[in-house]
Amino acid sequence: AVIFGANASGKSYVLKAMDVLQIMVRAPMNPNITYPWYQPFRASNETLSAPTELGIAFTVDDVRYDYSISFDKDHVVAESLYHSPKGRKGMVFSRKEQNFKFGRTAIRGLRSSSMLTSPTSSFLSVAAQYNNETCLAAHKGIVNDIKIIGGNLSTMLNDVIEYINLNKGFKEHMMKALRIADLGICGISGTVKTRNAVELINQIPQQVIGLMMATGNTEVAETSLFLEHDFKNSDVDKGMLNFPYQIESNGTMQLFCLMGPIVDALEHGYTVMIDEFGTFIHSDIAKWIIRQFRNAANPNKAQLIVNTQDQSLLSLELLRRDQIWFTQKNIDTGASELYSLSDFNGVRADIDLQKSYSVDKFGAKPFVSNEDVMI
């Protein structure tokens, strides 16, 4: 799915909602916590203190799960999990505040887990912690099988280097991806070492050292990465063609960091969600990445969900109608709406979607005045 829309229209909040859902489910919470991620819609008195409700439908090992959770600033208001192991939907559990109900097929251990669940914790996280088989599968589907990639891809650099060093097949796929993307790179070598900040005291600004000491975080990740370039007519020593990553272009490093989770998702069948997809990379490469998730190239059923400003991706040759989404903010209320191209009637296969979008046929585009700033 690819989400288009104007700046500040709500595209990133689709991914932020998934991030909050993972936080709520990942592990039991401290009993006295106030959720810093509780962010009610603040442009209406009706919602200023109303619970936030999040829901997701997904499959693990061909079993469908439907999970939802509702919470306010300091406790879970409601929560439920349903599954369909034989094609028939059945309740695993349902919760209103601290009152729990359980389905017949998945009750083992759930009643005792409910007695250990604080008002601040999701029951799914507690039941998974106590190894209920059904809740473990659902927990895996939400927390482990969905990868969320923010706009700052450089934060993933060390993870990608470690993937490469741990998995020979992963490195081979990365090399192939960089070759296809026409970056001229023919080799990768890198390490990530953890050092004590005291050892690097002459290399780190004193204010940073002071902050690390105050917070008790005294470890520093020391990153080394060289990308070997294939310049056949170069007359320099081969070692000079191993470029340290610090001198590579933004586009090269963005693509390097992006292809890590892409290859990982394709290899394991994960869902990867990417904010501001296409930033710093050519639109042809962005299209190529999307095509990797088509059936033939995607045997493990990986899924890609992104938002983007790249209108060249708005194409029925690349995406189906139900894979194209828009966000639009109501200028009177401030609320955002998410809707699909498949909601529109009469969208023919030969339509020029980019042109139709540019003339505001589908909404979800900014109105930019022709005025000058300084006049």
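Modeller: A residue is called buried when its relative accessible area is under 20%, and this cut-off is needed for strand β1 of the predicted model.

Biologist: Which residues of β1 point one way, which the other way, and what makes them count as buried?

Modeller: Val2 and Phe4 point one way from β1, while Ile3 and Gly5 point the other way. All are buried, which means that each has a relative accessible area under 20%. The pattern follows a general rule, by which the side chains of a regular strand alternate between the two faces of the sheet.

Biologist: What makes β1 and β12 a pair?

Modeller: Two strands pair if at least two bridges are found between them. Strand β1, residues 2-5, and strand β12, residues 303-308, are linked over two bridges, in the parallel sense, and therefore they meet the criterion of at least two. Within this pair, valine 2 stands opposite valine 306 in β12.

Biologist: How do you know that β1 also pairs with β13?

Modeller: Four bridges join β1 to strand β13, residues 324-329, and the two run parallel; at least two bridges are required, so β1 and β13 count as a pair. Here isoleucine 3 stands opposite tryptophan 325 in β13.

Biologist: Why are β7 and β14 called edge strands?

Modeller: The open sheet has six strands in the order β7-β11-β12-β1-β13-β14, with mixed pairing. Its edge strands are β7 (146-149) and β14 (336-340), each of which pairs on one side only. From one strand to the next, the twist averages 20 degrees.

Biologist: How do you know that the span of α8 agrees with what its 19 residues should give?

Modeller: The expected span is 1.5 Å times one less than the number of residues. For the 19 residues of α8 this should be 27 Å, and because the end C-alpha atoms are 28 Å apart, the two values agree.

Biologist: What makes α8 mostly covered, and what follows the helix?

Modeller: Of the 19 residues of α8, 15 are buried, which means under 20% relative accessible area for those residues. The helix is followed by glycine 269, whose phi is positive, near 80 degrees.

Biologist: Why is the space lined by Gly150, Leu258 and Phe277, among others, called a cavity?

Modeller: A cavity is a set of points where a 1.4 Å probe fits but cannot get out. The structure holds one cavity of 30 Å³ or more, and the volume of the largest cavity is about 80 Å³. Its lining includes Gly150, Leu258 and Phe277, and the elements that give two or more residues to that lining are α8 (250-268) and β11 (271-277). β11 gives the most, with four residues.

Biologist: What makes the largest pocket a pocket, and which residues lie nearest its centre?

Modeller: A pocket is an open set of points with protein on both sides within 12 Å along at least five of seven lines. The largest pocket has a volume of about 1,600 Å³ and is lined by 45 residues, of which Thr271, Lys301, Gln303, Leu304 and Ile305 lie nearest its centre. β2 contributes the largest share of this lining, seven residues, and the lining divides into 25 nonpolar, 11 polar and nine charged residues.

Definitions and conventions. Residues are numbered from 1 along each chain as its sequence is written. This is a predicted model: local features need pLDDT of at least 70, side-chain atom pairs count only at pLDDT 80 or more; totals for chains, interfaces and linings use all residues. Side-chain values use heavy atoms; hydrogens and water are left out. On a 1 Å grid over the protein atoms alone, a cavity is a set of points where a 1.4 Å probe fits but cannot get out, and a pocket is an open set with protein on both sides within 12 Å along at least five of seven lines; lining residues have an atom within 4 Å of a point. Grid points are joined across faces, edges and corners, and a volume is the space filled by probe spheres set on the points. Axes are lines fitted to C-alpha atoms, for helices over the stretch in contact, and angles run from 0 to 180 degrees between N-to-C directions. Buried means under 20% relative accessible area, exposed over 50%, partly exposed in between (1.4 Å probe, protein chains only). Ala, Val, Leu, Ile, Met, Phe, Trp, Tyr, Cys and Pro count as nonpolar, Asp, Glu, Lys and Arg as charged, and the others, Gly among them, as polar.
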